[in-house]
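Me: I would like to learn how to read some local features of a structural model, one feature at a time. Could we go through them together, with the general idea before each case?

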Amino acid sequence: MQGLAEGHPSLQAGDWPVCAQKIVGHIEESLHSTAVPQITQALNVLTTTFGHCHDPWTQVLWVRLSPLVGSLLEKDPVPAAHSLVDLLLSVARSPGLSSSSCGLWETLAQTLNHLSPTQAGPLALGILKLQDCPQVLRAQAFVILLQPLACVLKATGQDPGPSDVLDSATGDSLTVDALLSSKAACVGLLCRTLAHLELLQPLPQRPCPWPQEPLLGAAVTLLQLCRGSASPASDVGRHLCALLLGCVRVQRAALDFLGTLSQETGKPRCPRRPCSPAAQLHWGSMSSACSLWGRVGVRLSDLFCPCFPWIDALLCWGGPWKGRVGSFFMSVSGPQELVTEVFAVLLEYLRSPDSSPTVLKKAFQATFRWLLSSPKTPGCCDLEPHALLVLRELLPVLQKRLCSPCWEVRDSGLEFLTQMTRHWGGQAGFRHALLASEVPKLTEQLLRDPESYVRASAVTVMGQLSSQGLHVTPVSPEHPGGQQKSLLVELLHILSTDSEGFPRRAVMQVFTQWLRDHHADVAGDTEQFMARVLQVASQDLDWEVRAQGLELALVFLEQTLGQFHSHCPYAVTPPVAAPAGPLAQALQPLCRVRLFEFAFRALFDCDRPVAQKSCDLLLFLRAKTASSSGSLQESRSGPDVASVEAALQRWQAGDQGQPLGDLEPEVVLAVLRSVDLEGLRGALAEGSDHMEKSPQSLLQDMLATVGVLGENEADCY
């Protein structure tokens, strides 16, 4: 249709090219077929068509084929349900179709009713993501999406709450049958539902009002069912408990969703989109609304939204509305009892010896997100009192987990401590609680953990604790009597001797941050610190350590030259070139720590990222000193410059045994001008695979690798 030479194709199907008519006829035959693969192929062709072409003729195509697509819903079970959902959503998103005039909304509503709960979930999520969609269809999709969680609440004897959406979602027998049919079906449906709601929650077009409290209750209930701590009130609830007991998949999904729900704490229910039509009742219709009090009074949160100014009038009006409206606004961010229950179930999972390492990791992440979203006093960044109480309960649990025999658990505990220290390390409440515990001491001991991942995480935590003044002084393993040494010495020892790359990389990252922050251990003698670190990093076999060493060198370079260039950027006249004396003095510290030898050697590193970073550093240095190095050009042809250039040529050829020795600033600047850094940067950017750099080449490499490995193994790293 797009290949026609004469203008736009006719909207009359009879005037289409013969080939296009044959294709449409073949698709119609396929949709009439009883073979599911043939139906699937036809639906996939249409999905691609409507997804990539938005011309007016596509509406004619849909009007012609939509009755055949709708007839698929009459079959039991619906064939190719997944492909059918993809097609309907592709048509709904197409800007070339008028959804109201071609009956798409009615087709979507019918499809929601005919698909099984497992199949209808993705369609419901897709409908709720649409920008322009009838409110009735959105409500139907949201009810279907919430049905599994509403069934869980009902099965455990809990009220779905004041939300009419949750209440109307509890009575679907198909959902109950799907949940109870088998463990695999139950787990799959619940995990997909939680994942869909997690995707929907941050979107601006999500339904309003958002049933925050029932969803919190459902997530907590699922976690209790998986641990066997829930109290089912029916046979359905007891059967659910038996199916979900110890299920790691549901635990992980529920913890992820629980962490996402923390973003709603303290927010109004519908801050980002207009209220539903029911919420936009005019003040003049309040009397008729009052007559419905006995029937819908318990669902006032469905009718009104705090973004309307006349809600204040309701609070002062009196009558049966007053208490309901007040309780509604008191619970906008969730009642304190429910938040307390959230922290209780999280602590229960963190304490439990039955929690798997992956579940513990997600429990730590969810706990941090809830602590982070706790209501704060205006003008204060510290944890609120309730969160501090949780923290005091949490720290003994963290101590226990840092001593776990499972290295994944120790690593997750250290990551959690890193997050907390980064956000609250300077707050009095957090500092007092942390220093009163054994956590800093245990963290220091993990610097010598047998697992390299744990050692790397411990290095990161100790670096942050030291920056905040929260660390303990390490005890030297060579002096069991208790002789102490500084953390700097301990980290240098790890950088020099650790056999694994991860801890050494972590040390370099900590040192770089310390230099940026002017850490006391670094600021005392910065030149000695830089000389020792660069010497060790230059000999490291891990390219990431060498690259991080160049990042450290760049920070030192910026700080050193920043004192030399003090010209005000808002001055009217441009800066006058500084004399050679101050420039030479500014470069002397860089020469004394042998920064230039480290950078020049890295310029010809066998690992391309290292060479690129070195090239960028030297180009930055040349640009910073360009306006001040004119008087030093007489050194360009001196014997020292020639020897350095000869050494660089040997390094480029692969012979990097000979050191450069002590360099003078004049020699460094002359070498910088003589080396073609721009050309080298261009060659490095081109890369070794510039001849074969395409997705096809990558796929060929992957297939070749799989073929060689035999058992379809793959190197995930």
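Me: In which helix does Asp 640 lie?

Reply: Before the case, a word on the source: this is a predicted model, in which local features need pLDDT of at least 70 and side-chain atom pairs count only at pLDDT 80 or more, while totals for chains, interfaces and linings use all residues. Residues are numbered from 1 along each chain as its sequence is written, and side-chain values use heavy atoms, with hydrogens and water left out. Helices are DSSP runs (H or I, at least four residues), numbered from the N terminus. Asp 640 lies in helix 34, which covers residues 639-652.

Me: Is Asp 640 buried or exposed, or does it fall in between?

Reply: Buried means under 20% relative accessible area, exposed means over 50%, and partly exposed is in between, with a 1.4 Å probe and protein chains only. Asp 640 has a relative accessible area of 47%, so it is partly exposed. Its C-alpha atom is separated by 8.9 Å from that of Glu 664, a residue 24 positions apart from it along the chain.

Me: At what angle do helix 33 and helix 36 pack?

Reply: Axes are lines fitted to C-alpha atoms, for helices over the stretch in contact, and angles run from 0 to 180 degrees between N-to-C directions. Helix 33 (residues 608-625) and helix 36 (residues 677-686) pack at about 155°, with their axes 10 Å apart. That makes helix 33 roughly antiparallel to helix 36, since angles under 35 degrees count as roughly parallel, over 145 as roughly antiparallel, 65 to 115 as roughly perpendicular and the rest as oblique. The crossing is left-handed, a term used if the near helix is turned anticlockwise from the far one by less than a right angle, with right-handed used if clockwise.

Me: Which residues make that contact, and how do they divide by class?

Reply: Contact means heavy atoms within 4.5 Å. On helix 33 the residues include Arg 608, Cys 615 and Arg 622, and on helix 36 they include Leu 677, Glu 678 and Arg 681. For the classes, Ala, Val, Leu, Ile, Met, Phe, Trp, Tyr, Cys and Pro count as nonpolar, Asp, Glu, Lys and Arg as charged, and the others, Gly among them, as polar. The contact of helix 33 with helix 36 has seven nonpolar, one polar and five charged residues.

Me: How do helix 1 and helix 2 cross?

Reply: The axes of helix 1 (residues 18-32) and helix 2 (residues 36-52) come within 7 Å and cross at roughly 135°, which makes helix 1 oblique to helix 2. Ile 27, Ser 30 and Leu 31 in helix 1 meet residues of helix 2 including Gln 38, Ile 39 and Leu 46, and the contact divides into seven nonpolar, two polar and no charged residues.

Me: What should I look for in the backbone, and where is Pro 77 placed?

Reply: One feature is the cis peptide bond, and the bond from Asp 76 to Pro 77 is cis, with omega near 0°. Pro 77 is placed in the loop between helix 3 (57-71) and helix 4 (81-93). That loop also holds Ala 80, which has a positive phi of about 50° although it is not a glycine, and which is buried at a relative accessible area of 13%.

Me: How many disulfides are there?

Reply: A disulfide is a pair of cysteine sulfur atoms within 2.5 Å, and by this rule the count is zero. As for individual cysteines, Cys 591 counts as buried at 9% relative accessibility, whereas Cys 406 counts as partly exposed at 23%.

Conventions
Helices (H or I, at least four residues) and strands (E, at least two) are DSSP runs, numbered from the N terminus.
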